[in-house]
Amino acid sequence: MKPLNKNWFVRARLKSRHIPVLVALGETANLNRAAAGLGISQPAMSKLLKELEEGLDVPLFERHARGMVPTRYGEAMIRHARRMLTELDDAFEEVNALRDGQVGSVRIGTILTPCADLLPELTRQIKQSHPALELSIHTGSSRDLLRALHDGELDFLIARFFAEADQQQLRFEELHQEPLCVCARPRLVDQPLGLSELHRMDWVLPPPGSVLRHEFDAMFLNTGMPPPSKVVNVENLLLVTTLLEKNPMLTVLPREVVDHYGRYGMLAVVELEKGIEESLNRNLMAYGVITQNEELLSPAAKNVLSLLRERTRLQTL
């Protein structure tokens, strides 16, 4: 710790009320006007100044007919007093901002679908209403995100809730389903595909164990057919879209994500024979907002969570 010059301010009996006295005298050069500006009497002002000069053992002001003229000691103390008042004001504003959730950091975990629409809109709203707030968005599978939430690495999630999660500590607010669809690069497929044709195609898919992969495999298993074997397992969405762009491959993605990339001519929904897409989505779990010990969230996280709930409420109206 930096030494404090043997606590000179204690020996000098420096108190917080001495600081505005110095600043007021530096601005007015007049004892009466300085006292009036601080809302104290002239004798009280003189007493405070005397305490300062005795404590520092130097004259801070020279008394002249035209007013109070600071000595070189006084000029130094006035300069530092102004800086102290500014820093105290800044500290007060920062504490207020932290208390009100205007600054700080918020860490959101999310699955893929909210990244297409919900989270960009939420981010835009946060930047408008809380410009100094630092926002971190982490994507991943629901299971990985739930582990990160449990370990305190994330503030809250937009994900699916699994029965094996500790339901005693978690709150789940369902939003809606994220319907899945088969997609590819535009114009790769020009007619509806049946299950046998899908089985023969090359695929880029999330790894086994993910919710999306489970639903994809179940689409075939439920008909007694094994899942396709020509599969590249990829988690990164950028690599998925790049592989689709450069290869005659298919994938399964949330429809909202496909619609987003479709606006830029990168992906297109592949038409399927009747009943296949319904089978793909039959047992798909809804996603929602997941919180843990919400009362322990920072004011900033509570503000963002409130904005998220308002945003999702408006989307469902």
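My helices (H or I, at least four residues) and strands (E, at least two) are DSSP runs, numbered from the N terminus.

This is a predicted model, so I took local features only at pLDDT of at least 70 and side-chain atom pairs only at pLDDT 80 or more, while totals for chains, interfaces and linings use all residues. Residues are numbered from 1 along each chain as its sequence is written, and side-chain values use heavy atoms, with hydrogens and water left out.

**Entry: helix H9**

I started with H9, residues 211-221, and found 9 of its 11 residues buried, so the rest of the structure largely encloses this helix. The buried ones are Val-211, Leu-212, Arg-213, Glu-215, Phe-216, Asp-217, Ala-218, Met-219 and Phe-220.

**Entry: the cores**

For a nonpolar core I took a set of buried Ala, Val, Leu, Ile, Met, Phe, Trp, Tyr and Cys residues joined through side-chain atoms within 4.5 Å. Which members of the largest core touch the most others? Out of 51 residues, they are Leu-198 and Val-252. Helix H13 (residues 299-316) gives this core its largest share, 6 residues. Apart from this core I found another, of 19 residues, with Leu-25, Leu-49, Leu-60 and Met-77 among them.

I then listed the contacts of Val-252, where contact means heavy atoms within 4.5 Å. Not counting residues up to four places away in sequence, Val-252 touches Leu-180, Cys-181, Val-182, Trp-203, Leu-205, Leu-212, Phe-216 and Leu-280. Two of those names, Leu-212 and Phe-216, were already on my list of buried residues in H9.

Val-182 came next, in strand E7 (residues 180-184). Its relative accessible area is 0%, so I filed Val-182 as buried. Beyond four places in sequence, Val-182 is in contact with Trp-203, Leu-250, Thr-251, Val-252, Ala-268, Val-269, Val-270 and Leu-272.

From H13 I picked Leu-307. Leu-307 has 15% relative accessibility and therefore counts as buried. Leaving aside neighbours within four places in sequence, its contacts are Leu-122, Gln-125, Ile-126, Ser-129 and His-130. Pro-114 is 193 residues from Leu-307 in sequence, and their C-alpha atoms are 14 Å apart.

**Entry: the largest pocket**

I worked on a 1 Å grid over the protein atoms alone; a pocket is an open set of points where a 1.4 Å probe fits, with protein on both sides within 12 Å along at least five of seven lines, and lining residues have an atom within 4 Å of a point. Points are joined across faces, edges and corners, and the volume is the space filled by probe spheres set on them.

How much space lies in the largest pocket? I got about 680 Å³. It has 28 lining residues, and Gly-140, Ser-141, Pro-206, Ser-210 and Glu-235 are the closest to its centre. Helix H7 (142-150), H9, helix H10 (237-246) and strand E10 (249-254) each give two or more residues to the lining. E10 supplies the largest share, 4 residues. By type, the lining splits into 14 nonpolar, 9 polar and 5 charged; here Ala, Val, Leu, Ile, Met, Phe, Trp, Tyr, Cys and Pro are nonpolar, Asp, Glu, Lys and Arg charged, and the others, Gly among them, polar.

While in H7 I looked at Ser-142. Ser-142 is buried because its relative accessible area is 4%. Its contacts, leaving aside neighbours within four places in sequence, are Ile-111, Ala-159, Arg-160 and Phe-162.

**Entry: cysteines**

With a disulfide taken as a pair of cysteine sulfur atoms within 2.5 Å, I counted 0. Cys-183 is in no disulfide either, and its nearest cysteine sulfur, that of Cys-181, is 5.4 Å away. Cys-115 is partly exposed at 30% relative accessibility, whereas Cys-183 is buried at 0%.

**Entry: positive phi**

Ala-29 has phi near 55 degrees and lies in the loop between helix H2 (18-28) and helix H3 (31-38). Asn-293 has phi near 50 degrees and lies in the loop between strand E12 (287-292) and H13. Both are partly exposed, Ala-29 at 28% and Asn-293 at 32%.

Key:
Buried < 20%, exposed > 50% of the residue type's maximum accessible area, 1.4 Å probe, protein only.
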